[in-house]
Amino acid sequence: MNLKVLVLPGDGIGEEVTHQAVRVLRRIADKFHHNLELAEGLLGGIAIHKTGTPLPEETLRLAGAADATLMGAVGLPEFDQAPPEKRPEKGLLGLRKALGVYANLRPVRAYASLLDSSPLKNHLVEGTDMIIVRELTGGIYYGTPRGIMENGAETRAVNTMTYTRSEIERVSRVAFHLARARRKKVTSVDKSNVLENSQLWRRVAIEVAKEFPDVALDHLLVDNCAMQLILNPRRFDVVLTENMFGDILSDEGAVLAGSIGMLPSASIGDKRPSGAWVGLYEPVHGSAPDIAGQNKANPLGAIGSVAAMLSYSFGLKEEASAVDAAIEAVLRSGHVTADLRPSGAPATTEQVGESVCVAIG
Ligand code: NAD
């Protein structure tokens, strides 16, 4: 198979972990005899430095031409005070919108060998295996009007939370499709006791559920969900929620997995005629300026994102399983990066990438 992939390393540790992820992708392509067609582009702070904008036209062109995009992370402290248009993160939001990737999938698993890395008690976390499906291109992060208005003596800030029926329908269908291939349960999360937006969300989720009679649907208010994720994470299979709630809940999920460096994500849009989903794949973490350039970052979230890419965009389930199995083997070996608190000397980013390649064989 021809795998046409755009790589956007981005900033800080983004570049370091992406390097290892690409290494793993090459190993898989070699082992399973696929042709890998790689292009590299600029996004985020590095793109501002080189072109003056966080999302250059050339990057958009390359992303449109690729079958899938693998991204590191964006963000540099020097832009923390910059206006929104000139911030690295603006590039990422723009790319998601341009690719039309409206569903963000974040698998959260408690690996047996990492139970001690979670701050929660082992018996609570053990067996956790869920996917959080977050709506990604709507809601309060994109709604207008927005802004900070100076009105005489008073200053007022406005953001708008808005959803249409079709936006809710399409992301709900992604969640139900995923649940069908798993434990057949969707938990839709909203704040329907307060927000009209959430009342529509719940109504549409119930309607879409009728198309999937083999999948059970239940509902949780977001505040209760935040609590249940900690009290009883095993109760969740597929969690379906809107943009901002998903943003917050999925970082809570990171705690369950032991380290934010472990978590992959897939952002997918509509299916292509070939059956593949348009996809943007990236680890959940940011550019981590505190450890950038030190060969300390955990690359397993980025490498897990390669597994997600192989599975969702290319339908290569065996190859994806080979990557996941190699990640598990490395975790069992205990030679892992410092964030996972190994008993011996921590491994470097490069060593972990190398170990995953060796484990793939
Ligand atoms: P962060 O995820 O970069 O870091 C949070 C903490 O987790 C830090 O202590 C960091 O060292 C640690 N960490 C993160 N990834 C790790 C890894 N792979 N291995 C080991 N430790 C890891 O979040 P932050 O500090 O809030 O943000 C830093 C910058 O990243 C900001 O500019 C922010 O806007 C940006 N950001 C980008 C994305 C993205 O590109 N998708 C996501 C989140 C934050």
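This is a predicted model: local features need pLDDT of at least 70, side-chain atom pairs count only at pLDDT 80 or more; totals for chains, interfaces and linings use all residues.
Is Arg134 buried or exposed?

Arg134 sits in strand S5. Its relative accessibility is 5%, and because buried means under 20%, Arg134 counts as buried. Who are its partners? Setting aside residues up to four places away in sequence, Arg134 touches Tyr102, Ala103, Asn104, Arg106, Tyr141, Thr241, Glu242, Asn243, Gly246 and Asp247. Arg134 and Leu105 are 29 residues apart in sequence, yet their C-alpha atoms lie 6.5 Å apart in space.

Now let's zoom out to the overall layout. The protein is divided into domain 1, which is made of 1-108 + 259-361, and domain 2, which is 119-257. If you take the centres over C-alpha atoms, 24 Å separate the two domains. How many residues are in contact across the two domains? On the domain 1 side there are 19, and they are in contact with 21 residues of domain 2.

That brings us to the empty spaces. Rolling a probe the size of a water molecule over the atoms shows where empty space is left.

The largest pocket holds about 810 Å³ of space. It is lined by 33 residues, and those closest to its centre are Pro107, Ile131, Ser311, Tyr312 and Asp324. By class, the lining of the largest pocket has 19 nonpolar residues, along with seven polar and seven charged ones. Both domains take part, with at least three lining residues drawn from each of domain 1 and domain 2.

Next comes the second largest pocket, with a volume of about 550 Å³. Its lining has 31 residues, and Glu89, Leu92, Arg96, Val284 and Gly286 are the closest to its centre. Strand S3 (68-73), helix H4 (88-99), helix H9 (243-257) and strand S12 (277-283) each give two or more residues to the lining of this pocket. Which element gives the most? That would be H4, with four residues. By class, the lining of the second largest pocket has 15 nonpolar, seven polar and nine charged residues. Here too, domain 1 and domain 2 each supply at least three residues of the lining.

Let's stay with the loop between S12 and H10, and visit two residues in it. His285 is found in this loop. At 8% relative accessibility, His285 counts as buried. Leaving out residues up to four places away in sequence, His285 touches Ile13, Val17, Ala73, Ile260, Gly261 and Asn298.

Ser287 has its place in the loop between S12 and H10 as well. Where does that leave its surface? With a relative accessible area of 6%, Ser287 is buried. Its side chain reaches the backbone oxygen of Gly75 at 2.6 Å. Beyond its neighbours within four places in sequence, Ser287 is in contact with Asp11, Gly12, Ile13, Ala73, Val74, Gly75 and Ala292. If you compare the two lists, you'll meet Ile13 and Ala73 in both.

Met161, Tyr163, Val189, Asp190, Asn197, Ser198, Trp201 and Glu242 line the largest cavity. Strand S8 (185-190) and helix H7 (196-209) each give two or more residues to that lining, and the largest share, three residues, comes from H7. By class, the cavity lining divides into four nonpolar, two polar and two charged residues.

And with that we are back where we began: Glu242, one of the residues lining the largest cavity, is also among those that Arg134 touches.

Methods: Residues are numbered from 1 along each chain as its sequence is written. Side-chain values use heavy atoms; hydrogens and water are left out. On a 1 Å grid over the protein atoms alone, a cavity is a set of points where a 1.4 Å probe fits but cannot get out, and a pocket is an open set with protein on both sides within 12 Å along at least five of seven lines; lining residues have an atom within 4 Å of a point. Grid points are joined across faces, edges and corners, and a volume is the space filled by probe spheres set on the points. Ala, Val, Leu, Ile, Met, Phe, Trp, Tyr, Cys and Pro count as nonpolar, Asp, Glu, Lys and Arg as charged, and the others, Gly among them, as polar. Domain bounds come from an automatic or database domain assignment. Buried means under 20% relative accessible area, exposed over 50%, partly exposed in between (1.4 Å probe, protein chains only). A polar contact is a pair of N or O atoms within 3.5 Å; within protein, one must be able to donate a hydrogen and the other to accept it, and residues adjacent in sequence count only if both atoms are side-chain atoms. Contact means heavy atoms within 4.5 Å.
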